[in-house]
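Thanks for coming. I will take one fold and walk through how its pieces are arranged. Please look at the screen.

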Amino acid sequence: MTTLLSFDFGTKSIGVAVAQAVTGTAAPLEALKATDGIPDWQKIESLFGEWRPDRVVVGLPLNMDGTWQQVTYGAQKFANRLSNRFRMKVDTYDERLTTAAAKEKLFELGGYKKLQKGKIDSVSACLIAESWLENVFYQE
């Protein structure tokens, strides 16, 4: 595996990142607008066509105690749809605290003006990808 697409699911915005297993790093892509968690599937097809990922990971937004919340079910449904549509394995990965970490990272890079919703979501997708690579992929 060399290329990973990572998604930070949300009902209004879905962050996207591309990661390379060789370097263990991810880069944010433009976040996708969503309506009640439903993205523009043509844009996702374009991402798959451009990046040709070997693996896909979707962040699973769990409560701090590990229990599921309403948006967790939406993220799982999104992961299932990706898997069925693109006929590939899609992993889900615990994304607790990635949004807070993404905000902190963006603030360090440029203060409040960097804290835009789409940027936060895609940096969160980067953190999900990098953490998944480190804690799952390299352990396989």
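Start with β5, α2 and β6, which form a right-handed β-α-β unit. Right-handed means that, with the strands pointing away from the viewer, the path from the first strand over the helix to the second runs clockwise. Helices (H or I, at least four residues) and strands (E, at least two) are DSSP runs, numbered from the N terminus.

This is a predicted model: local features need pLDDT of at least 70, side-chain atom pairs count only at pLDDT 80 or more, and totals for chains, interfaces and linings use all residues. Residues are numbered from 1 along each chain as its sequence is written, and side-chain values use heavy atoms, with hydrogens and water left out.

Within that unit, β5 and β6 run parallel and are joined by five bridges; Val56 has Val90 in β6 as its bridge partner. Both belong to an open, mixed sheet of six strands, ordered β4-β3-β2-β1-β5-β6. Strands count as paired if DSSP finds at least two bridges between them. β4 (38–39) and β6 (90–94) are at the edges with a single partner strand each, so one side of each has no neighbour in the sheet.

Ile38 in β4 is the bridge partner of Thr35.

Now α1. Its buried residues (under 20% relative accessible area, 1.4 Å probe, protein chains only) are Trp41, Ile44, Leu47 and Phe48. On the other side of α1, Gln42 and Glu50 are exposed, meaning over 50%. Just after α1, Arg52 has a positive phi of about 45 degrees.
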